[in-house]
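Trainee: Could you walk me through reading domains, helix packing and chain contacts in a model?
Mentor: Gladly, let's take them one by one.

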Amino acid sequence: MSSAKVLLVDDEKEFTETLSERLRLRDLEVFTASSGREAIDLAGQHRFDAVILDLQMPGMDGIETLKKLLADDADQQVIVLTGHGTISKSVEALKVGATEFFEKPIDIQTLSEVIGKAAVQRLTLIEERSAHAIEDVLKKKGW
Amino acid sequence: MKENLSDHRGGSRENIVFFGRIMANVSHEFNNIITVISELAGLLKDLSLLARKGRPIPNDKIESLSDNISKQVARGKHLVSHMNHFSHSADNAREEVDLDQVVENMQVLTDRLFKNRQTDLTVSNPSEGISLSTDPFELRRILFACLDQFLDASSHEVSVVIKRPENGENSELQVSGQVETIPPDFLDKLNALKEQAQAINGQLLYEKNETQILIRLILSSNRD
């Protein structure tokens, strides 16, 4: 499998720059966005294996961004990584459809593993969807 | 002049909520700083592991990472200093305060709240060095409550002007800004604030129309 493509969304520029450098050292392809709006635009242009999303950002907040990302692509794997780690926030994010929820700072090994799992999960979901689509065509055509 | 805590600090629930909001906001900022330092340290470790495998770390990279760590430490120290001033503002019910410092203190501690709402908070002070005798904690709480009206009203720009009227007796804080909507509970909140301002020998006045709010907090040094 080729290296996973990751979108890192956080308004703390120093954080996104440093973490993306570390992830690139681990052979991941990393894009960054400093706002929810920018993240949605980038997700519309690229197919990301995983989106790593902060919850507290200026303008469109993380939960709103999460909803929009999933509305645009139901298979999108979104890992919430926030400094605002209350139980209610984590429950809310997971209910909306986040894959995982972590508090900052996160161990790079854990994050790399979660990204790897998310990439596999996304691929599985896409393959399942394709298989269903083919089955539907076969049924409709009576083959 | 200092005075011990007295009964005029009513509404203890409001005080706790105010304290909690400021602390929650500041702790979030601290976590951001810790997270950045943690990533910078992690990157240094990554690079040193690569160096052991024969990929040397350029000197300018080490210098740049070291500068970035120092920058985060300075950011944290600035915040700690303001948090300390804020915490000690509750020590005495009356003491000499510098209005510039009080406003700067609240500006620093609420920075993230304003950024999250994409609201610019600007402070101007045409006459520097205004000091007065008042309750430092209550003054901060009332100022924050005034600022909070603009967060509720989805304002994009809020300005605080510190001024001393011509007669020289009273100082004044003017908080103003354009708003998108006037919150439904605006009048109730402002009326409650009027009473709280009176408790620190101040007077709170406001003017509003559909798109603009001006709140004036007039502060007298003479409490008796």
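Trainee: Which domains does the domain assignment give for chain B?
Mentor: Keep in mind that this is a predicted model. The assignment for chain B gives domain 1 (12-88) and domain 2 (95-220). Taken over C-alpha atoms, the centres of domain 1 and domain 2 of chain B are 30 Å apart.

Trainee: How many residues does the contact take from each domain of chain B?
Mentor: Ten residues come from domain 1 of chain B and nine residues from domain 2 of chain B. On the domain 1 side, the elements giving two or more residues are α1 and α2 (59-88) of chain B. α1(B) gives the most there, with seven residues. By class, that side has four nonpolar, five polar and one charged residues.

Trainee: Now the helices. How do I read a packed pair?
Mentor: Two packed helices are described by the angle between their axes and the distance between the axes. Here, α3 (residues 99-109) and α5 (residues 136-152) of chain B pack at about 55°, with axes 10 Å apart. α3(B) and α5(B) are therefore oblique to each other, and their crossing is right-handed.

Trainee: Which residues of α3(B) and α5(B) meet?
Mentor: Val102(B), Val103(B), Asn105(B) and Met106(B) of α3(B) meet Pro136(B), Leu139(B), Arg140(B), Leu143(B) and Phe144(B) of α5(B). The residues of this contact divide into seven nonpolar, one polar and one charged.

Trainee: And how many residues of chain B are in contact with chain A?
Mentor: 16 residues of chain B contact 16 residues of chain A. α1(B) gives the most to the chain B side, with twelve residues. That side has four nonpolar, nine polar and three charged residues.

Notes. Residues are numbered from 1 along each chain as its sequence is written. Chains are lettered from A and ligands numbered from 1 in the order in which they are written. This is a predicted model: local features need pLDDT of at least 70, side-chain atom pairs count only at pLDDT 80 or more; totals for chains, interfaces and linings use all residues. Axes are lines fitted to C-alpha atoms, for helices over the stretch in contact, and angles run from 0 to 180 degrees between N-to-C directions. Helices (H or I, at least four residues) and strands (E, at least two) are DSSP runs, numbered from the N terminus. Angles under 35 degrees count as roughly parallel, over 145 as roughly antiparallel, 65 to 115 as roughly perpendicular and the rest as oblique. A crossing is left-handed if the near helix is turned anticlockwise from the far one by less than a right angle, and right-handed if clockwise. Two residues are in contact if their C-beta atoms, placed from the backbone, lie within 7 Å. Ala, Val, Leu, Ile, Met, Phe, Trp, Tyr, Cys and Pro count as nonpolar, Asp, Glu, Lys and Arg as charged, and the others, Gly among them, as polar. Domain bounds come from an automatic or database domain assignment.
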